[in-house]
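These are my notebook entries on one structure. I set down what I looked up, entry by entry.

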Amino acid sequence: MPVKSICGTILLSRKPDALARFYAEALGLSFEREEHAGLAPHWGVDIGSVHFGIHPPESFERNAAGHGSVVVTFDVTSLPECLARLERLGAPCIQPPHDEGFGLVASFSDPEGNQFEIVELTYQFEGGLPE
């Protein structure tokens, strides 16, 4: 199976600083400010083996259609293999493969217009629960 895990969930927020503070206080999460791959500054924390990010909408111009605020990211064994499958299925590519610093990422829409990403990580994910 080409999917190894869900490795990321992203919430889009018009006020990412405030939303990160909310989740930090409500759930005891230790967010870190992140800046990479030309994305707007955002907040992230690893929970187990899933990276939970809170991004401003401008980080995801490719989600401009406004089909919700959650983006699920799948860690795959072979980005080219998944790209070929998605192309065969006619899944619209929102953003072609690009390097975001942690791996090659591509974004697509599913048949209902929901955005999802596939990523071939360039490192072994070792997330953990906050102390």
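In which sense do β7 and β8 pair, and over how many bridges? I found that the pairing of β7 with β8 is antiparallel and extends over seven bridges. Here helices (H or I, at least four residues) and strands (E, at least two) are DSSP runs, numbered from the N terminus. Two strands pair if DSSP finds at least two bridges between them.

Entry on the source. I note that the model is predicted, that local features need pLDDT of at least 70, that side-chain atom pairs count only at pLDDT 80 or more, and that totals for chains, interfaces and linings use all residues. Residues are numbered from 1 along each chain as its sequence is written, and side-chain values use heavy atoms, with hydrogens and water left out.

Entry on the sheet. I read the strand order of an open, eight-stranded sheet as β2-β3-β4-β1-β5-β8-β7-β6, with mixed pairing. Its edge strands, each pairing on one side only, are β2 (32–34) and β6 (93–99). On average, neighbouring strands of this sheet are turned by 25° against each other, direction ignored. Axes are lines fitted to C-alpha atoms, for helices over the stretch in contact, and angles run from 0 to 180 degrees between N-to-C directions. As background, strands of a sheet pair through backbone hydrogen bonds, either parallel or antiparallel.

Entry on strand partners. I looked up β5 and β8, which run parallel and are joined by four bridges; Phe74 has Ile118 in β8 as its bridge partner. Gly103 stands opposite Leu121 in β8. β6 pairs with β7 (residues 103–109) in the antiparallel sense over four bridges, and Gln95 is opposite Ser107 in β7. The hairpin of β6 and β7 has three residues between the strands, and Gly101 takes a positive phi near 95° there.

Entry on the helices. I found α1 (residues 16–27) lying across β1 (3–12), β3 (42–47) and β4 (50–55), at about 140° to β4. Helix α2 (residues 79–89) lies across β5 (70–76), β6, β7 and β8 (115–121), at about 155° to β8. Gly28 follows α1 and has a positive phi, near 70°.

Entry on burial. Is Phe108 buried or exposed? Phe108, in strand β7, is buried, because its relative accessible area is 4% (buried means under 20%, exposed over 50%, partly exposed in between, with a 1.4 Å probe and protein chains only). Among the residues that Phe108 touches are Leu83, Leu86, Ile94 and Ile118, contact meaning heavy atoms within 4.5 Å. The C-alpha atoms of Phe108 and Leu86 are separated by 8.4 Å, although the two residues are 22 residues apart along the chain. Ser109, also placed in β7, is buried at 15% relative accessible area, and its contacts include Ala91, Pro92 and Phe116. In β8, six of the seven residues are buried.

Terms used
Lists of a residue's contacts leave out its neighbours within four places in sequence.
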